[in-house]
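Colleague: Thanks for sitting down with me over this one. Could you show me the model, and then we can go through a few contacts together?

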Amino acid sequence: MKIAVCLRRVPDTTAKIVIAGSGTVIDETGVKFVPNPYDEYAIEAALSLKEKAGGGETVVVALGGDAVQETMRTALAMGIDRGVHLHGTPSPDGLENARVLAEHLRGAGYDVMLFGKFAVDDCGQQTGAMVAELLELPCATAVTKLDIAAGRATVEREVEGGIEQAACALPAVFTCDKGLNNPRLPSLKGIMAAKKKPLEVTPVAPGAGSVTVAALALPPERAAGRIVGEGAAAVPALMQLLTTEAKVI
Amino acid sequence: MAGSAEYTGVDFYDVDGLLSEEERAVRDTVRSWVDEQLMPVIGECYIEGRFPRQLIPGMAELGLFGANLPEEYGCAGLNNVAYGLIMQELERGDSGIRSFASVQGALVMYPIFTFGSDEQKKHWLPRLAAGTDIGCFGLTEPDFGSNPGGMITTARETADGWLLNGVKMWITNGSQATVAIIWAKTGDINDVNSIRGFIVPASTPGYTGKDQKGKLSLRASDTSEIHLQDVHLPKNAILPKSGGIKSPLMCLTQARYGIAWGAVGAAMACYDEARRYAISRIMFGKPIGQTQIQQQRLADMLTEVTKAQLLVLQLGRLKDQGKATPARVSLAKRNNVSAACDIAREARRLLGANGILVEYHSMRHLANLESVYTYEGTHDMHSLILGQEITGLGAF
């Protein structure tokens, strides 16, 4: 079984974000970048599927500039066998990036192609499904359970009020949600081994697409709280505000 | 609770920029492990006076034991800076957990690696790296702490091996160890050159390890007394390349190196907790961090953390070049542990009454660091080591 994990490099969720002078990108100075947390579920799924099958190959595929290689090495340190770095600048239009990824994945013999359900920086939630569409393959998004047996996949997805079960033939594309697994930490030996694993670099040029970023803005700062009184005496005022102002009751 | 918010380290001087990608990756993996596995249980373990034994397999799986020893023995083969960063991150959690890893790696695996035969290395190192064997290091005795050369534990050669007798004290991991490195005099009781190391399986008749009770420090770590009463060992139990007091002191230099890093971790944890608390704790209608007295505390803490970080990093680079002399290691152990003690104490004070609770970490670190200040060469002994280095005159 040959499994691809498509990886995105995103700012650490604890990083303090500053918007660059251009107003359309973030200032990356001093920002720590990590694998997209949802992609870590995809990495863990690839590793455990391979371990369960007792063989196969796992490949991490990432689109981006030089810096994405450090993020790819985290996946290699966790145990992924090799990397394919599609070297180029990602487009703000998810479809253009999906085209580049699909171009690489097509004909490469992957049985399972895994993505995070979305990247936590732009929350586009498009790439996995678009790649599946471009490759004309089945796709299940936001899976919380993924089993492979006899060339078929069965998955579970958390939907409103319940769990949806679905099945499809392989090859197929899956995007991974929290709950699918508990991603392992890269071991120290894994970190040392990652340097020696093959990482192939292929230049790519995503198209401009039809989406441009007009402006980025930070969310407004949360307003200070208001103390309406103390003890039982404050309850009527609080109830009134919750009903008329916050409108939560 | 202020201390529970996500910990992101302390790096005022872009020390990260001086680390390689692998060194940062190692640091991050251990930091995540501490967040996920150690922080949720450490308070309870400390109160109960219990080492979190259930964490040993996970630590081994990550490769935390003897991580700077070669891969051929099942170790990670890291450089000394990456090894130091492991110690830093473990001690950010708790000095007792770092002590466990220090003993296993620097005081048990290192002497087997350095003074052991090929058979001893092949047998013991992979098992210790995998955590299937737990080691301890028996040098200190009830009456010989700072002066280990005075030890009265003896190893007498017999027809078919060795006979050990003596008592060791203040032995980390002593009661849970499956194997001990015991230092004993093979010749005259006044002859420090006759000190040799022995590999003693804890199952050997006559060997007993018993926990020392009543500790107010390092409560999440086992500290034990080891009794050796007519312990018969085969001939091949001796570490063939050990010889004289210098051998155990070489081990201590390794462990002290890790402690110098570990103290930085404890100091970072306390500073981080104090900073968060100072910003969020409102008194007299404003954050206490808006008062000059707390700002001075925080400025002093950050300054000392930053100095300590730079000190150990350069020491690590020197160690990788084979230039970390015992005196250089002494300087870093002495400075960093002392600074960490001060930082932990000031952090606890900044936290006010909350600072005495186990939900916050500074007082636990403060209590732990009093042991760290005292063990592996007391602060005062390191003053004398440096004094001798400076003047050429021994004042022991």
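Predicted model: local features only at pLDDT ≥ 70, side-chain atom pairs only at ≥ 80, totals over all residues.

Colleague: At what angle do helix H8 and helix H10 of chain B pack?

Modeller: Two packed helices are described by the angle between their axes and the distance between the axes. Here H8 of chain B spans residues 326-350 and H10 of chain B spans residues 379-391, with their axes 9 Å apart. The crossing of H8(B) and H10(B) is left-handed, and the packing angle is about 140 degrees.

Colleague: Now to the interface: how many salt bridges are there between chain B and chain A?

Modeller: A salt bridge needs a side-chain nitrogen of Lys or Arg within 4 Å of a carboxyl oxygen of Asp or Glu. Arg73(A) and Glu21(B) qualify, their closest N and O atoms being 2.5 Å apart. Between chain B and chain A, the count is 4 salt bridges.

Colleague: And what area is buried between chain B and chain A?

Modeller: In this interface, 25 residues of chain B are in contact with 13 residues of chain A. Carbon and sulfur atoms give 60% of the buried area. The total between the two chains is about 1,500 Å².

Note on methods: Residues numbered from 1 in each chain as written. Chains lettered and ligands numbered in written order. Heavy atoms only, no water. Contact = heavy atoms within 4.5 Å. Buried area = accessible area lost by both parts, 1.4 Å probe. Axes fitted to C-alpha atoms, helices over the stretch in contact; angles between N-to-C directions. Helix = DSSP H or I, 4+ residues; strand = E, 2+ residues; numbered from the N terminus. Left-handed = near helix turned anticlockwise from the far one by under 90°.
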